[in-house]
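Trainee: May we go through this model together? I would like to begin with the chain as a whole and then turn to single elements.

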Amino acid sequence: MSNPFVRIVEPLDPKQPLKKFFNLSKLEDGRYAHLPFSIRVLLEAAIRNCDEFLVKKEDVENILNWKVVQHKNVEVPFKPARVILQDFTGVPAVVDFAAMRDAVKKLGGDPEKINPICPADLVIDHSIQVDFNRRSDSLQKNQDLEFERNKERFEFLKWGSQAFKNMRIIPPGSGIIHQVNLEYLARVVMDQDGYYYPDSVVGTDSHTTMIDGLGVLGWGVGGIEAEAVMLGQPISMVLPEVVGYKLLGNPQPLVTSTDIVLTITKHLRQVGVVGKFVEFFGPGVAQLSIADRATIANMCPEYGATAAYFPVDDISIGYLIQTGRDKEKVMCTKRYLEAVGMLRDFKNSSQDPDFTQVVELDLHTVVPCCSGPKRPQDKVAVSDMKKDFETCLGAKQGFKGFQIAPDQHNGVVKFNFEGCDFELAHGSVVIAAITSCTNTSNPSVMLGAGLLAKKAVEAGLTVKPYIKTSLSPGSGVVTYYLRESGVMSYLSQLGFDVVGYGCMTCIGNSGPLPESVIEAITQGDLVAVGVLSGNRNFEGRVHPNTRANYLASPPLVIAYAIAGTIRIDFEKEPLGINASGKKIFLKDIWPTRNEIQAVERQFVIPGMFKEVYQKIETVNKSWNALDAPSDKLYTWNPKSTYIKSPPFFDGLTLALQTPKTIEGAYVLLNFGDSVTTDHISPAGNIARNSPAARYLTSRGLTPREFNSYGSRRGNDAVMARGTFANIRLVNKFIDKQGPQTVHFPSGETLDVFDAAERYKQAGHPLIVLAGKEYGAGSSRDWAAKGPFLLGVKAVLAESYERIHRSNLVGMGVIPLQYLPGEDAGTLGLTGRERYTIIIPEKLKPQMNIQIKLDTGKTFHAIMRFDTDVELTYFCNGGILNYMIRKMAS
């Protein structure tokens, strides 16, 4: 390497072959030392391996002068060491790769150039659903049904693992992508091709940030961007501001990591960290385990940051050993980090970097809490839950309101379930799920839930049989230590049997509720409740019939399941009354921190991790038996309703087409704030009266065979029809919730897809209007691909969540942003106008462009292409078109 900012040091161990590693030259004035640790990793990665968009020498000098540059637009090309994918986003990525090979071949290039250059691991975790629960064979029956539904998708992924080099598939039943990454895949320091350098990763799931808790810099990107990274393209980004989050004090004895992360989520949403890194520091960090830190880092998308970074310290090194990593490699990792000044001591304030901004949290002030009923940032102290829910019942329809008439608040609906009579009311819990890598990766909260279950059973408490209870661990290790510690049988007695190893309820794969429960909810128009230990509770996500959903720690999930309602004050009201007539309160069965830690020390041991992960790629017999084709080009089956060659590259030529002004666009949808990717491209049930259902029916499928939107992301015909199909969609053109809009030329109210088709047939371009935080939530690329296929040319919003803006750029859809202080209201926009968006010949990042309306009004907006590289993608019609032209030429 001739780069002046790279040096070679002596080998770490004289007994080992010469090992080189990259490190920025330490300048005498110590400028490197004051950089945030996350920026150091970012810069090391940029300089290590970005030949196409290499960091300019003057930019490196600017970055080293952090205080000068932190508010300036310095472009950094980040080339992560690894890519991770899950199957919902992985299937469309492999579909795109297969289609790109076809396109490259048509343009005269070598199709096998479309191949991952960096290591890519795909974990199948999004397909399994909670179809069976509360029975000893639930796990096997759910896994069998998963294979029955998804065999074609799995065969396609197996083809991809054979057709593409550097792509490894972790079979279904292994665990959740982020937990597998934390416990097994992450290296912390890469030892590759004779070099040591910091591990880094991007993933096609927004919660990729969980790995930041271990000191690996990573974040979620859309599938489109990940595909480009796999093909060797760096992520070109503006150097982010870094908010230092200082943790002080010790948590109170009854507080869990879930309580801490929900507190931080609310706090950082108020601070405003979209597009920024958050780096944790201060003596309070040393009080947190790696599992605690991973929980906090996991919910980074919920507070809007790009990354939530915990630098590596001795606790991180200890975790690598605890999880069965090779001790010799771990010691090399430690020596490397010490040598380059990147091993952190959180109690040593002299190591504190300079940050753009510093905010603080005293961990002792955190109290037990939940978040809901519709957003992760809406934290509610457990002591206030009853009052808060009852306030929400009557409040105006919105994030904290259901607009239920006062005389209906105490209504009760009687129903029969399995021969017994029960009652449901507003606030009744019908789903209680211990789920998600956010919490199941943390032994302290999982063992806490197990110990609480043990005490509850011993006290004579039960869970009503109609409540859909489930336990879906993020890895087999969880089941191992729950079983060995003796608490698994008590969880089962309360209905929390293991139902599968995957995301399940957290992503909306909660499966069906009993028909009698649904009828009671519908009859009483009840606000039924789901309580889950997940990370998201957006409307329509968990289950169509749970209008209120609360995020909670695993022990609290069990507590609310026992209570059967969210309308309980645990301080004053008992969880239940046992057979002896004794009132049992939550405080009577809540395990102490000392109890939990004693069990964790005894039963969470390295041997468990080694035993589970040494057979992770071969343990699933159904996967092993799959027969996949070995051809390098995929043979598309025209009858398939799961896998279909997408139309993205139809008519693609080597010659570039100059971007043109968008003339007379209609507004397809007019939104308010916080429209999520779940609203844009739902992952759950396919409603029987939807355009997607009509398409599948026309292909001979019955509703039982529809599966989910998430499982059909390899078929653009389904996904285009599923775009904006969320039943909780709020469109200002319509006076009720639902996936419909107004087709203005005719004045008819239609399903969104049907309206878009009419516009397309008439040759009319479309745009979408939105408020703040447009595209919050999951990283799903179909939230950009779907609108593109509907004919949406641009989105005009007050602000964007980072990943979704990148996805729009990746598809060539223009992300427009109102000027500061302006919005649809101040400009008097109704959405019923027609919009002409002037595209200048000479483009530059974040330039202001002119928009003309058919009313005669003119205003300006910011074109949110943030870097020169993003403009290059736009001129090519998107990232993938750019990569095809590059490979073909």
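Mentor: Let us begin with the radius of gyration: a compact globule of 889 residues would have one near 29 Å, and the protein chain has 26 Å, which agrees. Please keep in mind that this is a predicted model.

Trainee: What box do the C-alpha atoms fill, taken along the principal axes?

Mentor: The box is roughly 80 × 75 × 55 Å. Of the 889 residues, 64% count as buried. The accessible surface comes to about 31700 Å², and carbon and sulfur atoms account for 49% of that.

Trainee: How many helices and strands are there?

Mentor: The secondary structure comes to 32 helices and 33 strands. As for contacts between residues at least 6 apart in sequence, 76% of them join residues at least 24 apart.

Trainee: Let us move to β8. Which way do its residues point?

Mentor: Strand β8 covers residues 200-203. Ser 200 and Val 202 point one way, Val 201 and Gly 203 point the other way, and all are buried. In a regular strand the side chains alternate between the two faces of the sheet.

Trainee: Which strands pair with β8?

Mentor: Strand β3, residues 82-86, pairs with β8 in the parallel sense over 3 bridges. Strand β9, residues 217-220, also pairs with β8 in the parallel sense, over 4 bridges. Gly 203 takes part on both sides: Gly 203 is the bridge partner of Ile 84, and Gly 203 stands opposite Gly 220 in β9.

Trainee: What caps the N-terminal end of α4?

Mentor: Gln 86 does, with a side-chain oxygen 2.7 Å from the backbone nitrogen of Phe 88. Just after α4, Gly 108 takes a positive phi of about 90°.

Trainee: With which side chain does Asp 121 make a polar contact?

Mentor: The partner is the side chain of Arg 168, at 2.7 Å. Leaving aside neighbours within four places in sequence, Asp 121 is in contact with Val 83, Ile 84, Leu 85, Arg 168, Leu 185 and Arg 187. Ile 84 has already come up, as the bridge partner of Gly 203.

Trainee: And where is Gly 222 found?

Mentor: Gly 222 is in the loop between β9 and α7, and it is buried, with a relative accessible area of 0%. Its contacts, again leaving aside neighbours within four places in sequence, are Thr 204, Ser 779, Ile 803 and Asn 807. Gly 222 and Ala 783 are 561 residues apart along the chain, yet their C-alpha atoms are separated by 9.4 Å.

Trainee: How many residues of α7 are buried?

Mentor: In α7, 8 of its 8 residues are buried. Among them are Glu 225 and Glu 227, along with Ile 224, Val 229 and Met 230. Gly 232 follows α7 and has a positive phi, near 100°.

Key:
Residues numbered from 1 in each chain as written. Predicted model: local features only at pLDDT ≥ 70, side-chain atom pairs only at ≥ 80, totals over all residues. Heavy atoms only, no water. Buried < 20%, exposed > 50% of the residue type's maximum accessible area, 1.4 Å probe, protein only. Helix = DSSP H or I, 4+ residues; strand = E, 2+ residues; numbered from the N terminus. Pairing = 2+ DSSP bridges. Polar contact = N/O pair within 3.5 Å; in protein donor to acceptor, adjacent residues only side chain to side chain. Rg over C-alpha atoms; globule rule 2.2 N^0.38 Å. Contact = heavy atoms within 4.5 Å. Areas by Shrake-Rupley, 256 points an atom, 1.4 Å probe, with all protein chains shown as cover.
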